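Morning, everyone. I have one structure to show today, and I will keep to what can be computed from its atoms.

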Amino acid sequence: MQILVTGGAGYIASHTALALLERGHVPVLLDNFVNSKPAVLDRIAALAGTRPVLLRGDVRDGAFVEQALREHRIDAVIHFAALKAVGESVAKPLDYYDNNIHGTLALLGAMRRAGVKTLVFSSSATVYSADQPMPLREDGALGAVNPYGRTKLMVENILADVAAADPSVSFTSLRYFNPVGAHPSGTMGEDPRGIPNNLMPFVAQVAVGRLPRLRVFGNDYPTPDGTGMRDYIHVCDLAEGHVAAIDHGHGKAGSHVFNLGTGTGSSVLDVVKAFGQACGKDLPYEVVPRRAGDVAACWADPAYAEKVLGWRATRTMQTMCEDAWRWQSANPNGYPD
Ligand code: NAD
Ligand code: UD1
């Protein structure tokens, strides 16, 4: 299939583009580079032996997207393009609603005009209500607590409404848990701008000496070691989940939702320990007060994705850390400009 990948130069999308190529699909990448660099294309090309088409542009530009869908005879779309920093979304909600909601509406309009029926959407575990028992199942109560999370929940609702009104479309929302790690080659990985907000890229920058020490946000949670627990999933497992969703969803009408997680929670100190083993040194950290808005623990029930998509995550925390370290140590400043 010819697959339009919005936000195609980003962290998860670039690994997904590679997985699509490995599966024999043809990804066409679209990005405005608000949070990525074109250099990732060289890395995809080196690994895949073929260079995907890259369209520089904005997903909010419906006419541009429609032209891309028609020119490249697109069969399906994977919609990654979004802003994703929770704190920034609180400070700049309009930017988030514009990019994430308006972007999706413009894309859906272009798809309708061009007759493209299949969409896979990047959702997040953040759509679940914080009071849910673990593990989280797809039918659990929903309720986002910040503008970023609300954009994901709104888009899920929009997709369900459009699919209910038009029985010819197939929409799949994938609720990612905590994507981490890098391609095992060490040539592709996460390249956050500025000081990372998320745990694994922060730890990686401590390991490489760019940051002095990790601040552990609280060790008084009701978890075995007192630190927060999350379901970290290797980005290559996640990428393969998208290929499974595209292969499954194409031609099947309706609106579908799947968790993409491992089903296992790891604590902050588990991650520090595993990363220390991967890089061969003890990583300095200090415990500081809890971060506002954090939950104690969050992990997926991934059974539904395995049953319906035939997909499950296979890579361990040790592999996630080893691959993240290979990427970080070979590319301490990320992708070149
Ligand atoms: P990323 O920032 O690396 O990728 C997003 C890409 O979209 C970037 O390349 C950016 O330049 C591009 N983009 C943003 N707005 C655009 C626009 N208007 N037009 C064209 N391109 C645009 O982020 P990621 O971590 O790879 O996340 C991909 C998707 O997965 C996002 O929708 C994100 O919200 C979602 N998600 C990510 C995580 C995570 O922890 N990384 C977790 C859950 C969900
Ligand atoms: C973050 C996002 C969430 C998104 C998820 C997916 C926030 C507030 N939430 O959640 O919307 O869906 O990523 O990847 O950004 N930690 C530290 N020190 C650090 C950084 C993190 O101790 O410097 C701890 C956190 O308290 C948490 C764990 O590490 O217990 C993971 O944090 P993080 O990587 O930011 O992910 P989430 O909080 O799950």
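This is a predicted model: local features need pLDDT of at least 70, side-chain atom pairs count only at pLDDT 80 or more; totals for chains, interfaces and linings use all residues.

Let me begin with ligand 1. Which residues are closest to ligand 1? They are Asp-31, Asn-35, Ser-36, Phe-80 and Tyr-148, out of 27 residues that surround it. Some of the contacts are polar. The side chain of Asp-31 places a polar atom 2.6 Å from an oxygen atom of ligand 1. For Asn-35, again with a polar side-chain atom and a ligand oxygen, the distance is 2.7 Å. Ile-12 takes part through its backbone instead: a polar backbone atom there is 2.8 Å from an oxygen atom of ligand 1. Taken on its own, ligand 1 has 820 Å² of accessible area, and the protein covers 95% of that.

Where in the fold does this shell come from? Helix H1 (11-22), strand E5 (118-124) and helix H6 (147-165) each give at least two residues to the shell around ligand 1. E5 has the largest share, with 3 residues. By type, the shell around ligand 1 splits into 12 nonpolar, 10 polar and 5 charged residues.

Now ligand 2. It has 20 residues around it, and Leu-199, Arg-215, Arg-230, Arg-291 and Asp-294 come nearest. How far is the polar side-chain atom of Ser-124 from an oxygen atom of ligand 2? The distance is 2.9 Å. Asn-198 also has a side-chain N or O atom 2.9 Å from an oxygen atom of ligand 2. With Leu-199, the atom involved is a polar one of the backbone, 2.8 Å from a ligand oxygen. The protein covers 85% of the 740 Å² of accessible area that ligand 2 has on its own. E7 and E8 are the elements that give two or more residues to this shell. E8 supplies the largest share, 4 residues. The shell around ligand 2 is made up of 10 nonpolar, 6 polar and 4 charged residues.

That leaves the salt bridges. The count is 19.

Glu-190 counts as buried because its relative accessibility is 15%, and the cut-off for buried is under 20%.

In the second pair, Arg-213 meets Glu-286, again with closest N and O atoms 3.9 Å apart. Here too distant parts of the chain are linked: Arg-213 is in the loop between H7 and strand E8 (214-217), and Glu-286 is in strand E13 (residues 285-288), 73 residues apart. Arg-213 is partly exposed at 40% relative accessibility, and Glu-286 is partly exposed at 33%.

Glu-306 counts as partly exposed at 40%, as does Arg-312 at 48%. Lastly, salt bridges with shared partners join Lys-37, Asp-191 and Asp-337 into one network.

Terms used. Residues are numbered from 1 along each chain as its sequence is written. Chains are lettered from A and ligands numbered from 1 in the order in which they are written. Side-chain values use heavy atoms; hydrogens and water are left out. A salt bridge is a side-chain nitrogen of Lys or Arg within 4 Å of a carboxyl oxygen of Asp or Glu. Buried means under 20% relative accessible area, exposed over 50%, partly exposed in between (1.4 Å probe, protein chains only). A residue is near a molecule or strand if one of its heavy atoms lies within 4 Å of it. A polar contact is a pair of N or O atoms within 3.5 Å; within protein, one must be able to donate a hydrogen and the other to accept it, and residues adjacent in sequence count only if both atoms are side-chain atoms. Accessible areas come from the Shrake-Rupley method with a 1.4 Å probe; for residues, only the protein chains shown count as cover. Ala, Val, Leu, Ile, Met, Phe, Trp, Tyr, Cys and Pro count as nonpolar, Asp, Glu, Lys and Arg as charged, and the others, Gly among them, as polar.
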